[in-house]
Amino acid sequence: MAQSVSSTGAEDTFPKLLDRNARIWGERPAIREKDLGIWQTWTWAEVREEIRAFAAGLSGLGVAKGDKVAIIGSNRPRLYWTICAVQSLGAVPVPLYQDAVAAEMVYVLQHAEARFAVVEDQEQVDKILSLSDELDVLEHVIYDEDRGLKDYDHTRLHPFAEVQENGRKALQADAATGAALDKSIAEATGSDIAVMLYTSGTTGRPKGVMLSYDNTVVSARLSCEFDKLTEDDEILAYLPMAWVGDHMFSYAQSYWSGFCVACPESSDTMMQDLREIGPTYYFAPPRIFETLLTTVMIRMEDAGAIKRGMFHYFLGVARRSGEKILNGEPVSFGDRLLYGIGRLLVYEPLKNVLGLSRMRVGYTAGEAIGPEIFRFYRSLGLNLKQLYGQTEASVFVTAQPDGEIRADTVGKPAPEVEIRIDDSGEVLYRSPGVFVGYYKNEEATRSTKTEDGWVLTGDAGFFDEEGHLRIIDRAKDVGHLKDGTLFAPKYIENKLKFFPNIKEAVAIGDDRDFVTAMLNIDLVAVGNWAERNNVSYGSYQELTGLDQVCEMLAAHVAEVNKDLAGEPRVAGSQIRRFLILHKELDADDGELTRTQKVRRGFIAEKYEPLITALYDGSSQQHIETEVTFEDGRKGAISADVRIVDVETFGLDARREAAE
Amino acid sequence: MRAPEQEAGAGETLLAVDNITLSFGGVRAIRNVSLDIRKGEIRAIIGPNGAGKTSMLNVINGFYHPQEGLISFRGAERRRMKPYEAASQGIARTFQNVALFRGMTTLDNIMAGRTLKMHRNFFWQLVHWGPAAREEVENRRKVEEIIDFLEIQAIRKTPVGRLPYGLQKRVELARALAMEPDLLLLDEPMAGMNLEEKEDMSRFILDVNQQLGTTIALIEHDISVVMDLSDRVVVLDHGEKIADGLPAEVQANQNVIEAYLGVSH
Amino acid sequence: MEFLYNLLIDPFVQMVELPDFFLQVLWEGFVSGVLYALIALGFVLIFKASGVFNFAQGIMVVFAALSLVGLYALGMPAYIALIATIAIMGILAVAVQKTIFHHLVNQPDIILLMATIGLTYFLIGFGEFVFGGDPKVMITEELGLPTGSTAFDVLGGLVILQHIDIAAAVIAIIMVTALAIFFNKTRIGRALRAVADDHQAALSVGISLDQIWIIVWFAAGIVALATGIMWGARSDVSFALEIIAFKALPVLILGGFTSIPGAIVGGLIIGIGEKIGEIYWGPLVGGGIESWLAYVIALIFLLFRPQGLFGEKIIERV
Amino acid sequence: MLYREAGQFKTTYEADQAMFPIAQDRIGVLVILAIALVIPLAASDFVIASIMIPFLIFALATIGLNILTGYAGQLSLGTGAFMGVGAYACYKLTTIFPDVNIVILVLISGLFSAGIGIVFGLPSLRIKGLYLAVTTLAAQFFLEWCFIRIPWLYNYNNSGAIEVPERTGFGGFVLAGPASPPITRYYVVLGIVIVMTLLVKNIIRGRIGRTWMMIRDMDIAAELIGVRPLAAKLSAFAVSSYICGVAGAMLVFFWLGAAEPSAFAITLSFQILFMAILGGLGSLIGCFFGAAFIWVLPVLLRTGLPSIGIEIGAETVEHVSRMIVGALIIFFLIVEPHGLARLWQILKEKLRVWPFPYA
């Protein structure tokens with residue numbers, strides 16, 4: 001069982017934690033990587049040796065206290081070691097998103113004044129070299145994978161192994177090297193900057209969030225205690241290293257509780273690797289859970305009728321009683337028995353093929369997850385939870401405690417986190433994890449973090465009766481109907497988008513009399529439906545105009561209304577009228593951002609006639625729009641778009657009562 | 001792609017074929033052909049169908065025995081030999097029609113390429129323990145490096161029969177590389193591939209040549225590929241050599257143009 | 001020394017000293033050679049057209065003979081029984097094609113071979129189930145085949161020729177001639193030859209693969225029936241006959257798997273060779289060498305000319 | 001369905017290349033072994049002597065043939081004779097060395113078989129497929145003839161048969177001979193079969209096994225990779241014949257008790273060949289499936305049909321079971337040319353990806 005971490009508090013930096021881990025868990029696995037066909041594994045003692053050697057090597061190259069060292073690449077042990085090696089020297093690691101284009105990368109490297117970069121492979125080296133003219137601060141680049149780099153000019157380029165070997169030699173040749181390293185580790189304190197993480201943000205240039213050891217180590221400790229993570233746990237590191245979540249889960253928490261981090265072989269083999277490792281602690285954004293569920297359903301479509309029937313029957317059993325059993329609520333004996341059979345025939349095998357058999361704690365965050373999807377996983381007996389976090393908070397703001405899991409909240413304040421909601425509805429928090437500041441951006445720091453340590457999240461939300469926080473929207477997007485009713489477009493849109501048939505939704509209502517919506521159907525889902533029901537259609541546009549499709553979506557919208565009616569704060573913002581757009585919202589047409597977020601302003605302008613029609617009572621509206629084809633040509637399509645009225649629930653009664 | 005003057009002229013001769021004539025019961029497949037392959041180069045053999053290209057490879061790795069002419073490898077004159085002797089001297093090859101061991105997985109196929117590197121005797125094999133197990137593991141590691149090199153991790157344990165054609169060709173290359181050859185003979189490595197697969201394969205061939213330093217002789221139909229890839233090109237037609245030289249020279253050669261346009265002789 | 005004498009000199013001395021006996025041995029060998037040739041012919045027919053090495057040819061011989069005798073025993077006149085048996089062989093051909101080989105198109109040779117071995121097992125079981133396991137007597141006379149023998153006075157001794165053996169030889173010659181004409185002169189025959197080389201070509205002649213295979217199986221069945229009658233007339237009709245099917249293998253190796261003349265010549269060589277071997281060299285090692293001599297002859301032959309007497313040279317290509 | 005592979009990851013090549021890399025398979029194998037060990041406690045002498053012992057011996061012989069035909073791709077029709085060589089060698093050995101433990105002699109007798117196998121394997125260098133089948137047929141008939149014609153082999157017995165003398169060992173157990181209890185013989189056979197199977201598995205997953213499969217799948221490519229065809233083929237002949245020889249010796253010494261030359265006739269060769277095909281060429285587990293199927297099915301028909309009230313003569317059962325076996329072979333070739341082993345593999349694959357229909 002879990003060995004109690006005896007020396008809590010004494011180790012306030014990661015290099016110190018590494019020493020501790022090597023001492024008490026020296027022979028236990030610290031990190032694995034699927035490489036050359038097997039899970040190459042390093043123990044904590046080995047990891048410490050690797051890191052010290054590399055740190056000494058870096059020191060030999062000139063890395064000194066206060067330097068910034070950029071880290072670019074996918075999740076690999078050597079890059080994780082680099083974080084600690086850099087920290088050992090009192091320098092600051094700056095992980096970057098490896099899929100960023102060269103220009104974006106250059107901005108961050110310049111802004112962070114990185115003198116060194118440790119990168120994964122030729123691809124990253126090429127990116128940096130292509131812009132080396134603009135990178136006057138960058139001195140040395142160290143690479144992990146030497147493939148294709150043999151013939152490069154090596155005056156400023158070094159293989160990781162060579163740097164490490166030089167360090168090893170230096171450590172052997174001269175005891176002073178080791179002593180200096182020890183001294184540097186010992187001198188570091190909790191208030192030093194541990195890491196700098198650049199957040200992209202929705203607007204403007206990326207900002208460098210400076211997190212101290214006090215932020216990260218304490219957050220790691222609190223969260224490990226919250227979920228009772230121990231050195232027996234196992235995690236798969238597959239999300240970008242530059243993202244705060246990965247930094248906390250795959251680095252900070254691992255160093256704190258001593259659990260083992262596994263790095264996949266490549267992105268192609270990720271699912272296979274997940275299956276092999278079978279992590280006990282797992283994080284994935286809702287998108288991944290969604291795709292996973294979709295593939296499960298698609299793959300089951302190919303199964304024989306009996307098996308498919310059995311599968312869906314037991315999924316029904318799970319929906320009925322799975323979550324209750326997980327939450328320890330009373331369930332009839334018959335259902336318990338059925339659930340037991342279901343476990344044998346469906347749930348456990350399914351978890352096994354998904355690689356989630358051993359998952360003890362799982363989190364999803366970042367976006368709202370569809371309640372159906374969330375419940376699906378929960379009902380299989382998976383302890384999937386939601387959390388709400390930010391880079392500026394060292395992740396944790398709220399989290400769902402075991403046994404208090406709800407699909408539509410993000411949980412209670414995490415340990416030692418204070419939360420308040422200001423008058424405009426914006427969520428603010430104060431915690432040990434609150435960041436030190438934005439690097440070289442005092443102004444932004446001041447506008448985000450108050451004098452007394454409260455951080456503005458930029459999100460609007462409220463606490464429900466059970467003390468759970470619900471995030472409804474970006475604070476700046478929250479508006480009001482003319483009668484003052486709260487209008488949170490994204491909250492409504494998300495509810496709409498949870499229906500597989502709805503791909504995109506735009507809710508309109510700020511400063512209007514009531515709420516309306518423009519919807520995009522999901523071509524795959526609706527097309528599938530059409531095929532199954534022998535409905536023929538020639539084009540996307542034709543599909544959107546079908547009566548049955550309109551009826552189907554009207555039913556979805558009505559359901560959302562019913563849902564909204566049950567929540568007092570947003571009950572007033574039910575959708576009265578909607579239309580189905582005749583074309584897909586597209587980033588190429590400027591309607592979405594490249595990260596697939598809706599650009600409200602642009603859309604409002606472009607579809608002005610439609611919006612007018614939504615509010616003037618007409619039942620049809622002609623529109624002509626410009627589109628960009630895949631090959632870049634532009635064209636125009638026109639359509640008569642129908643406008644549909646939807647059932648609302650208790651809305652008029654409310655209004656009458658209000659008047 | 002690569003500057004020809006860098007390689008041309010440089011490097012000692014690895015294999016020399018001197019005035020070879022090969023015939024099958026009166027039909028002459030190769031007539032008085034001489035060619036040399038220099039250490040470290042990529043040497044292309046091109047020509048229309050039935051020009052004797054594959055026969056030439058078969059002669060080089062000892063599968064056919066020419067009636068006339070000399071072959072010398074690494075400076076030593078070679079007498080009549082068995083194909084497996086050529087293999088043990090460091091000549092590996094791939095085949096025009098994929099010749100994988102269809103009953104085995106990708107991994108086993110590449111392990112098969114290590115046959116000559118494994119020596120533990122029957123009785124060690126019986127117990128599969130100690131030195132035999134160690135040898136197996138050492139060679140597995142080597143094979144894994146090749147798998148990594150050719151980026152076929154995802155199909156490691158897939159029976160090769162189930163793989164798409166392009167991947168089969170890559171596995172075959174992997175198997176040849178597992179032999180750690182000095183001379184690698186590739187018989188139409190890109191036949192039947194789509195553009196993307198061809199690009200991948202070209203990159204791998206260049207990587208093999210540059211990173212592992214392996215000398216390569218290849219037969220290819222796609223002239224643009226040959227021109228990009230190879231250091232020197234020899235052109236055969238009806239069993240005779242009609243041109244030999246740098247890609248650019250060969251491309252401009254009137255005989256070659258005629259042979260490819262099908263002008264009768 | 002004595003062994004070497006017995007091995008190398010003595011047999012030839014005997015041959016010369018008793019030429020009449022030698023002629024008798026040759027004749028005996030010739031007769032069994034004809035039967036081997038007939039069985040081999042059945043193999044060749046099927047192999048040529050379908051690439052199936054029909055291990056069941058032996059049991060088809062037994063099965064045909066048993067059917068004939070069995071039908072006669074049921075009270076059918078001999079000739080009616082003969083025609084009925086031919087019909088049975090036709091039904092067998094259709095059944096074999098429809099239930100087995102139709103489903104095995106494009107399978108590797110070894111699988112096809114195995115299927116015929118399975119068929120052999122089935123037919124043995126079926127035959128025993130229907131006709132019982134006891135040996136039966138062939139209805140030689142009833143079919144109007146000659147019996148009795150004629151003794152010829154040659155080279156100072158007597159050579160006895162069984163009439164049935166002469167009949168067998170004649171029938172074999174007729175059958176081979178008929179087949180040769182069928183293959184070379186008729187449209188279907190040419191199609192059959194085409195199919196051996198190229199299945200598509202056969203289809204272009206307008207005959208389905210199924211039909212072709214049925215025809216060759218039927219032809220092989222008739223050959224089997226003839227073989228069964230001849231063989232049954234010399235000994236009796238029993239499942240022991242099945243073992244002679246194996247003799248067809250060395251015959252085919254000598255003659256080549258696809259050559260009809262090869263089957264004849266190979267059959268004669270094996271038949272005569274093993275008789276002479278048995279009589280003149282057999283006693284040296286205790287006799288009974290007939291059981292394996294044919295294979296050894298074939299084996300030695302194989303090492304020097306693997307493609308057989310009439311087979312085409314195989315050039316291996318990479 | 002029963003598999004829980006998530007979390008079973010390999011950190012060393014040894015573990016990755018283990019005989020049973022999946023934990024659930026290991027459990028399964030242990031369960032089967034445990035059942036094999038306790039069967040005698042529950043089963044009657046008839047079951048042990050007439051079903052289990054011959055089943056195991058045939059399975060081993062099938063493994064022997066499978067090495068040659070399934071792994072090295074060389075068709076053999078002479079298995080029966082190679083088994084006979086083992087039996088006769090063992091008989092002579094125990095005559096000459098009556099005091100040596102019979103188990104050791106059984107294992108040594110396989111060597112004679114291996115030697116003969118190599119001799120008859122020599123032509124395989126030049127000839128393939130059906131042609132090679134003729135070679136093995138020559139071996140079959142020639143050796144059968146030897147068993148009859150060389151009286152020395154059967155100690156000049158009048159019967160012309162070999163009769164197993166009583167042999168004790170391992171501290172007084174009667175291992176062979178009329179007085180040997182079936183249970184003792186069962187354990188001896190079980191032990192030998194398990195050990196041999198493991199050793200064969202080792203060979204097959206190593207270099208030598210790979211060279212066999214290379215020759216089988218693509219002999220020209222194998223040669224160009226450096227496989228010496230002669231060495232590869234002859235080693236397959238040797239190992240195959242050795243195992244067949246041991247199985248043959250066990251057949252007489254631990255099962256039949258006495259045997260005439262006809263026991264090793266071509267019908268035995270075919271029986272083993274059927275077991276190999278039906279079980280699945282190129283699969284060890286298939287050998288056990290095949291042997292069980294071909295051996296146990298007729299026994300079940302013989303004993304089972306009367307017990308459910310269908311009274312038919314013993315002979316008829318014989319005929320019917322032959323028909324059924326023949327029909328089943330054809331059926332399997334059509335439905336699944338790779339035999340029961342492939343069906344088993346498919347089932348296992350299904351269980352591994354359950355509830356999905358395929359991976």
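Val237(C) sits in the loop that links α10 (209–234) and α11 (244–255) of chain C; helices here are DSSP runs of H or I with at least four residues, and strands are runs of E with at least two, numbered from the N terminus. This is a predicted model, where local features need pLDDT of at least 70, side-chain atom pairs count only at pLDDT 80 or more, and totals for chains, interfaces and linings use all residues. Residues are numbered from 1 along each chain as its sequence is written, while chains are lettered from A and ligands numbered from 1 in the order in which they are written.

Val237(C) counts as buried because it has 27 C-beta neighbours inside 10 Å; the cut-offs are 20 or more other C-beta atoms within 10 Å for buried, 12 or fewer for exposed, and partly exposed in between, with C-beta atoms placed from the backbone. Leaving out residues up to four places away in sequence, Val237(C) touches Ala65(C), Leu66(C), Val69(C), Pro135(C), Lys136(C), Met138(C) and Gly232(C). A contact means that the C-beta atoms of two residues, placed from the backbone, lie within 7 Å.

Now for the chains. Five pairs of chains touch, and chains C and D have the most contacts among them. Chains A and C do not touch, and their nearest C-alpha atoms are 25 Å apart. Here is how chain D meets its partners:

| Pair | Residues from chain D | Residues from the partner |
|---|---|---|
| D with C | 33 residues | 39 residues of chain C |
| D with A | 17 residues | 24 residues of chain A |

On the side of chain D that touches chain C, α6 (129–149), α11 (266–279) and α13 (314–335) of chain D each give two or more residues. The largest share of that side, 13 residues, is from α13(D). By class, the side of chain D facing chain C has 24 nonpolar, five polar and four charged residues. Nonpolar covers Ala, Val, Leu, Ile, Met, Phe, Trp, Tyr, Cys and Pro, charged covers Asp, Glu, Lys and Arg, and the others, Gly among them, are polar.

Finally, a helix pair in chain A. The axes of α1 (residues 14–24) and α2 (residues 44–61) of chain A come within 7 Å and cross at roughly 140 degrees. That angle makes α1(A) oblique to α2(A); under 35 degrees is roughly parallel, over 145 roughly antiparallel, 65 to 115 roughly perpendicular, and the rest oblique. Axes are lines fitted to C-alpha atoms, for helices over the stretch in contact, with angles from 0 to 180 degrees between N-to-C directions. Leu18(A), Asp19(A), Asn21(A) and Ala22(A) of α1(A) meet Trp44(A), Ala45(A), Arg48(A) and Ile51(A) of α2(A).
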